[in-house]
Structure formats: C-alpha cells, structure tokens
Amino acid sequence: MIKYDFIIIGGGIIGMTTARELAVRGASVALIEKNTLGKEASWAAGGILSSMRPWSENSASAELSEHGKSYYPHFIKSLTDEVGIDPEYVKSGLVIIEAKHVNDINYWARSKCIKVIGKIENLSADITLPDQAVLLPEIAQIRPPRLLVALRESLKKMSVSLYENTTINKFVMNAGRCEQVEYKGGKLSADSVIITAGAWSKLVLGDKCVDMNIKPIHGQMICVKPIESVLRTIILDGGHYLIPRQDGHVLIGSTVEDIGFDKKTTLTAQLELQSWAVSVWPKLKNATLVKHWSGLRPSTDTEKPFIGLVPNFKNLYFNTGHFRKGILQGPSSALLLADMFSGDFSFMEIDEFSLRRQINAAEIA
Ligand SMILES: Cc1cc2nc3c(=O)[nH]c(=O)nc-3n(C[C@H](O)[C@H](O)[C@H](O)COP(=O)(O)OP(=O)(O)OC[C@H]3O[C@@H](n4cnc5c(N)ncnc54)[C@H](O)[C@@H]3O)c2cc1C
C-alpha cells in the first residue's frame, strides 16, 4: 500500500491549490477525484476576484477575501512562470450599480482605504449607469477553465499523484485516526487526509461529521458574443453580473437555486439572465448565445468556509464550503491550511474557520 504525507479528496480549485501548496513545501501528496479534475463548480465560475457583497461580508471571510485579492498576482505569476499557461488575470475593475447599497459601499471602502470612483464616465458608449454607481478599479478577474488547466500541469510537474475517476468508498478509522482510504481496486494511506469535495463534502464524510452543514446551491451562467464589444469592466447588480473577457465574449451570471444535486440548465434561467443583461446594456439584445452551463456552489450556514480539523478526529481535515468565493479565496485557504501543517505563522487565525468554533458560536447564540 502506498503511503503519502497527504491524501486530498476532491479535485476542484480548493483541492488543487491545497495539493500544490503542500507539494511546494516538499510533501508527498495524492489528489483523488471521482471524475476529472477541475470540471465542477470551479470550472463553472465566473472568476470575479471579489466577494459579491464585500460591504456586508462577515469579518473572517472578508479577511480571507482581502488576502485573496492581494495574493493573486503573486500566485498567478508563479503558476504562469512554472507552466507557461496564461489564466488571463486582468484588473478590469468592478462597477456596482446597486443604488440602494451605495452608502454602505462607500462607508466600507473608506474604512478599508479602498479607492472608489463615484461618477463613472466612458465605461462604454451605450451603457447607461445610474448616478450612484461605484467603481472599484482594483478588482481583477481570472478565467477559471484556464486556471484549472494551469494548476493541473503544475501538479503533474510537482509529481503530485493524480487519481482521477476514483471514488473513495471506505475510510478505515482507528482511535480517531484515518488509517487508510479504500477505493475500487486499491487502498492508500497518509499521515493526514483532507476533504476538499466542495458541495459533496458532507456526502464524503457521511456519518463521520453530522454537524457539518454544506449544501449545493445551483448557479446557471450564459456566455454571449456581442456584435461589437466595448465593455471592459465587470458590472455587478445584486446577484447578477456581466464579465467581459479579453476575446470579446461576455459572461452573464448567475442564478442562485436551492434545488439539491441538480445541474440542469433551464430556458427560464437563460431568459431571465438575458433580460437582466439587456436592461443594463441594450445592445446585448442582438448578441449570439454561445454557451449555457451551471455548477453547484458549496454553501454553509455561517457564510464562512470550514478549514481545519474535522471535530473528533486527529488527522482528518477539511478545506471546503467557499460558496460564491472559492476562486477568490482558494489560493489563500490553501496557504492558511499549509501554514498550519508547517507550524508557521499565517496571515490570519485558521481557528476562525474551525467547524467546532462555528458550532459552539451557534449554540451560544
Ligand atoms: C455559476 C457560478 C459562478 C461562480 N462565480 C464565482 C466567481 O466569480 N468568483 C469566485 O470566487 N467564485 C465563484 N463561484 C464559486 C466557486 O466556483 C466555488 O466556490 C468553488 O469552485 C468551490 O471549489 P471546490 O474545489 O470546493 O468545489 P468543486 O470545484 O465543485 O470541486 C469539488 C470536487 O470534488 C469532487 N468530488 C466530489 N465527491 C468526491 C468523492 N467522493 N471523491 C473524490 N472526489 C469527489 C468533485 O467531482 C469535484 O471535482 C461560482 C460558482 C458558480 C456555480
């Protein structure tokens, strides 16, 4: 039986960045994915490197998001230098047109010393913005499918063992330790096992962690090609957004549907997204529909991810539950967990994301 320092279960952005961060530090790592790496929520994401509502994010999650924003340029440079694949990190800025939150946004931005531009001109010849729109010029975007391909290449270069099309069907436990994991055709063991299975994390753990509440929240997105694309900046309006890509495509997102493990795309959602987009940018009426897809975001009750030890276990961990911010927070969450294993000081307290602490807080409340 092969023994690793770490076995990681689930190969989306969280599992891949966690595997890379540990491998960089010299650990032997196996990454186990039930299908193909990077094809679920992480592939479906828009790649906005900002929270959807940064002005009302809970403080621990906001700290992780802020770290994500400042860490991304370094993370992308090291990945691009290593594998030569450009994930299209672009500082395109973000315009928030949600007028009812303008005061909150301005207050939040001032408290964080973030530059805000209230009056926006020349965004595009034919987009009319409300008077109170706010521009956050520092916000960047990434193209998740390209990022995931780059991460896969990096993991191969770092000799991370990639087990695709592999489903774990048994954890062999002894005195609170996960001694080995078994899949059809083999078994593996490791000093530590980390669950990074996104919306499926609760299913992976089964009755080993009844307290963890993670559920799938369905998000649909469409990609269109306008006749002429003059949009350069992301536009955010409540849960809806337009993301202009460098090649002229525009993503229109997204729905938020609590319908279980169902990934179907619907005409109703497509029409709703198109109708909102045309209300913001009328010329999109004639845009060609290129693609329509969906993904399952891993959502938690506390709007914070769970990062750290699974309660009552000694070597079973998770890094999961990033909901709408997994692309933004993924590299930083991986860093935080890897720092914990190395015994290094990190950029914030990992305990903020401990499930035990979140359960205790809920009980006291
Ligand atoms: C439409 C949409 C738009 C989004 N836009 C953004 C955005 O702009 N910015 C942002 O930061 N975030 C965004 N998100 C959120 C982001 O995509 C998620 O937070 C992130 O992808 C979660 O990553 P993950 O690795 O935890 O999950 P996933 O990418 O879902 O990966 C989990 C993996 O675990 C695997 N798995 C499951 N069960 C098992 C098992 N038993 N054994 C082995 N493997 C298993 C799955 O096959 C999957 O590959 C968006 C999400 C959606 C759906």
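The legends below describe close-up views of a predicted model, in which the positions of atoms were computed.

View 1. A polar backbone atom of Ile13 is 3.3 Å from an oxygen atom of the ligand, and a polar backbone atom of Gly326 is 3.0 Å from an oxygen atom of the ligand. A nitrogen atom of the ligand, in turn, has a backbone N or O atom of Gly46 at 3.1 Å. Taken alone, the ligand would expose 1,000 Å², and the protein buries 98% of that area.

**View 2. Helix α3 against helix α8.** Two packed helices are described by the angle between their axes and by the distance between those axes. Helix α3, which covers residues 59-83, packs against helix α8, which covers residues 326-342, at an angle of about 90° and with the axes 7 Å apart. Because angles from 65 to 115 degrees count as roughly perpendicular, α3 is described as roughly perpendicular to α8. On the α3 side the contact includes Ser61, Leu64, His67, Tyr71, Tyr72 and Phe75, while on the α8 side it includes Ile327, Leu328, Pro331, Leu335 and Leu336. By class, the residues in this contact are nine nonpolar, seven polar and one charged.

**View 3. Helix α1 against helix α3.** Here α1 and α3 pack at an angle of about 75°, and their axes are 14 Å apart, which means that α1 is roughly perpendicular to α3. Ile13, Thr17, Arg20 and Glu21 of α1 meet Tyr71, Tyr72, Phe75, Ser78, Leu79 and Glu82 of α3. The contact of α1 with α3 is made up, by class, of five nonpolar, two polar and three charged residues.

**View 4. His292 and its surroundings.** His292 belongs to strand β13, which runs over residues 288-300. The side chain of His292 makes a polar contact, at 2.8 Å, with the side chain of Gln220. When neighbours within four places in sequence are left aside, His292 is in contact with Gln220, Met221, Ile222, Thr265, Thr266 and Gln270.

Notes:
Residues numbered from 1 in each chain as written. Predicted model: local features only at pLDDT ≥ 70, side-chain atom pairs only at ≥ 80, totals over all residues. Heavy atoms only, no water. Axes fitted to C-alpha atoms, helices over the stretch in contact; angles between N-to-C directions. Helix = DSSP H or I, 4+ residues; strand = E, 2+ residues; numbered from the N terminus. Parallel < 35°, antiparallel > 145°, perpendicular 65-115°, else oblique. Contact = heavy atoms within 4.5 Å. Nonpolar A, V, L, I, M, F, W, Y, C, P; charged D, E, K, R; others polar. Polar contact = N/O pair within 3.5 Å; in protein donor to acceptor, adjacent residues only side chain to side chain. Areas by Shrake-Rupley, 256 points an atom, 1.4 Å probe, with all protein chains shown as cover.
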